[in-house]
Every structure is written in C-alpha cells, then in structure tokens.
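User: I have a model open and want to learn how to read it. Where do I begin?

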Amino acid sequence: MTSNLLATFTNIFNEGETKIRTFFAPGRVNLIGEHTDYNGGHVFPCALSIGTTAIVRKRTDRMIQFYSTNFTNLGVIKVSLDDLVYEQADDWANYPKGVIVTLEQHGYKLDSGFDVLYAGEIPNGAGLSSSASIEVVTAIMLNELYSLAIDRVSLVKMCQQAENEFIGVSCGIMDQFAIGMGKEKHAILLDCDTLDYTYSPLDLDEASLIIANTNKRRGLADSKYNERRGECERALKDLQEELDIRSLGELTPAEFDVNAHLIKQGVDRKRAKHAVYENARTIEAVNKLEDGDIAGFGQLMNASHISLRDDYEVTGKELDALVEAAWEQEGVIGSRMTGAGFGGCTISIVANEYIESFIEKVGAQYREQTGLQADFYVVQVGDGAKEIVEG
Ligand code: GLA
C-alpha cells in the first residue's frame with residue numbers, strides 16, 4: 001500500500017529535493033474501563049493493526065500543505081506556520097494543526113513547513129479513535145522530522161492537550177496513550193491518574209475479539225460526553241466536602257456505597273457509581289485474564305455494558321441492540337459497547353468456531369431491529385505509532 005501512496009504523494013506535491021518519510025499510527029479499541037480515564041481510574045485498551053499512514057517531506061519555506069486520501073474533495077489544504085488557527089473550513093486538518101500549536105506552546109518550534117499526505121483505514125466516527133490516530137501520527141512524525149527529542153508519553157499528553165484545547169473535546173488520555181504506547185498482541189492496563197502502565201498478553205485461547213460497528217452517526221456525542229464529565233465533576237465536589245480524595249478513581253465500591261448519600265443529585269450519583277464500579281471491574285477483569293479465566297473476563301465485559309446502559313446512560317438503542325443480540329449467541333464469551341458511546345462500536349469475545357454464525361446472526365437481528373447494517377471486523381492487535389522504514 002505504501003508504494004501506491006508514495007506515487008499519490010509525488011503526484012499531488014511533485015518531486016522534491018528532501019527525503020520522503022513514512023509514519024503510521026493505529027486506531028484503538030478499549031476492552032474494558034469505559035469513562036474511567038477522566039475520573040482517575042483504569043482503562044484496558046489495545047492498538048489495532050489498522051490506522052493512519054502519513055507520508056511527509058520537509059519544505060524550505062514556512063508553508064504547510066495537508067492532503068488526505070479520505071477527503072479528496074477538500075483537496076490540498078494550505079496553511080502558514082505563522083498562522084495556525086482553528087478554521088472550520090480546514091476540517092480534519094485542524095487535528096494536525098492543533099498538534100503543531102501545542103508543540104509550539106511547549107517551546108518546540110518547527111524551522112520550516114512540510115508537505116504531508118494522510119491515508120486512514122479507520123472508519124470515521126466509529127469510536128475507534130481515527131482523530132487521535134491522526135494526532136499521534138502527526139506528533140511522532142514531527143518529533144523525528146525536526147529532531148525534537150520528545151519522549152513518547154509527553155507526545156501522547158500533548159496530543160490530548162491539542163484535542164482538549166484546540167479541538168474543544170474534553171477527552172481523557174486513553175485514546176492517545178493506547179495509540180502511542182500500544183504493543184502487538186498485548187493490551188495496556190493504564191492507571192490514568194499516575195500514568196503507570198503494564199502490558200498484558202492478549203491470550204484468548206480459542207477465541208477472537210470482534211468489533212461490530214453500529215454505523216449509527218454519533219450525532220450529539222461530543223456535547224453528551226462533556227455533560228457526563230460535568231456530572232462526574234459535580235459528584236466529586238460533593239464527596240470532597242467530607243472525603244479527602246482527588247478523583248473518583250480513588251474510591252472502592254464499598255467506600256462509594258457508604259458515602260454515596262453525600263452526592264446531592266440522583267443523576268450525578270448514578271454517573272459516579274458507574275465510574276467507581278467500572279474502575280474496580282477493570283482491575284478485576286485484568287486479573288482474570290492473567291489467570292486464564294476468559295469466561296470471567298467476558299462476564300465483567302457484560303456487566304460493564306449494563307452499567308454504561310443503566311447508570312452512565314451512554315449506550316442508546318443501536319448499541320444495546322447489537323450487544324443484546326450478541327449475548328444471545330452461542331460461543332459468545334462477552335460483549336459490550338466500546339469508546340465514548342452514543343453510537344460507534346461494540347467489542348465481543350467470540351469462540352473461533354462460532355465467528356461466522358455470530359456475524360451472520362447478530363447482523364440479521366440488528367438489521368431487523370434498527371434497519372441498519374452493521375460491519376464486523378476480527379481484531380488484530382498491533383503496535384503503537386512508529387516510522388515505517390521501507391525494505
Ligand atoms: C472517548 C475519549 C476517551 C474515553 C472514552 C470513554 O474515547 O476520547 O478519553 O473517555 O471516550 O471511555
């Protein structure tokens with residue numbers, strides 16, 4: 001694929017003097033630990049083998065030219081290094097612009113512009129982090145191209161900052177971290193409070209991970225996401241009137257139950273309950289996986305979905321229909337929504353011999369209930385972002 005992209009690159013940007021380099025960042029899928037990252041809890045995501053490729057060449061002037069094979073209708077988007085502001089019309093190119101602005105805020109200046117072509121394989125708006133993938137591929141590419149010598153975790157944090165401040169979505173650290181730090185055939189247990197992390201081998205025995213895309217547009221996702229954050233922050237404030245805690249992630253379920261009455265509003269109490277219980281579930285699930293108890297891991301995935309449906313209220317009828325159809329099938333070890341919710345994807349663990357019947361039956365049941373066609377992918381767990389060296 002890269003050789004075709006190289007041909008497209010020289011076609012769009014012409015031949016040039018300086019070296020062309022190729023970088024890649026994956027998408028991610030979260031196995032368990034949803035809406036816990038911004039609450040100081042744990043998450044357990046892994047990097048996908050599909051992602052975003054960026055082909056880049058330095059320029060000698062201060063111009064930057066962006067082109068995406070996914071948005072050919074927008075053509076080449078040209079901006080100056082001296083004029084990097086959010087522009088609605090620049091669409092997807094605001095993500096890399098945000099990364100450059102954030103690098104500059106941290107004192108890293110680019111001494112020239114560049115030409116870059118992006119090619120993404122992650123379905124947009126499916127909750128598999130296509131935008132974080134663009135951010136992280138941009139960050140690692142600039143780090144190498146301009147010899148900035150920034151360590152990987154700092155790059156990951158700057159990408160989150162770009163998304164929070166330049167794009168205006170108050171996401172947590174999970175997506176950028178999984179994409180920047182992923183490891184083939186492993187998931188990452190990340191403590192989002194301290195950023196301590198460990199890799200767990202994804203040894204699923206005779207089973208596979210299957211992503212199912214609801215293909216429901218994630219309409220109000222960003223505003224609902226920010227609303228949930230606000231509810232959790234309010235719950236934390238109420239608890240802090242009596243408890244000496246910095247985040248909901250510090251509480252065990254038992255401690256939460258004893259103190260839940262401190263939270264004034266019923267809705268906030270439900271949101272906080274999810275955050276606390278989901279955090280505990282995540283740690284328990286990883287222990288089960290490490291003990292080879294895949295069935296136990298699957299049951300906790302199911303419990304996670306129920307909590308996201310009933311307490312956090314971020315599933316919606318499409319995600320519920322897909323998950324509930326999955327639960328009914330033979331060979332299904334666990335199934336839940338993944339990512340922010342309000343549409344997007346589910347993740348299931350399915351025994352290998354049942355994969356075909358799973359896709360057929362869940363697809364048919366989902367179509368019948370919603371009128372929508374789901375897409376299914378068998379997950380290959382890949383590496384984090386890296387430079388691709390040809391040959
Ligand atoms: C989105 C955000 C993440 C995380 C998940 C929910 O993917 O970008 O930071 O909060 O939702 O777990």
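Analyst: Begin with contacts. A contact means heavy atoms within 4.5 Å. In this predicted model, take contacts between residues at least 6 apart in sequence: 71% of them join residues at least 24 apart.

User: How many helices and strands does the chain have?

Analyst: Eleven helices and 13 strands.

User: What does the radius of gyration say about the chain?

Analyst: Compare the value with the one for a compact globule. For 391 residues, that would be near 21 Å. The chain has 21 Å, so the two agree. For the outline, the C-alpha atoms fill a box of roughly 65 × 50 × 40 Å along the principal axes.

User: What share of the residues counts as buried?

Analyst: Buried means under 20% relative accessible area. Here 57% of the 391 residues count as buried.

User: How far apart are the mean positions of the positive and negative charges?

Analyst: Lys and Arg count as positive, Asp and Glu as negative. The chain has 36 positive and 60 negative charges, and their mean positions are 4 Å apart.

User: Now one residue. Where does Q88 lie, and is Q88 buried or exposed?

Analyst: Look in the loop between β5 (77–80) and α2 (94–105). The cut-off for exposed is over 50%. Q88 has a relative accessible area of 65%, so Q88 is exposed.

User: How far is Q88 from I173 in space?

Analyst: Their C-alpha atoms are 25 Å apart. In sequence, 85 residues separate Q88 and I173.

Technical notes: Residues are numbered from 1 along each chain as its sequence is written. This is a predicted model: local features need pLDDT of at least 70, side-chain atom pairs count only at pLDDT 80 or more; totals for chains, interfaces and linings use all residues. Side-chain values use heavy atoms; hydrogens and water are left out. Helices (H or I, at least four residues) and strands (E, at least two) are DSSP runs, numbered from the N terminus. The radius of gyration is taken over C-alpha atoms; the globule rule is 2.2 Å times the number of residues to the power 0.38. Buried means under 20% relative accessible area, exposed over 50%, partly exposed in between (1.4 Å probe, protein chains only). The place of a charge is taken as NZ of Lys, CZ of Arg, CG of Asp or CD of Glu.
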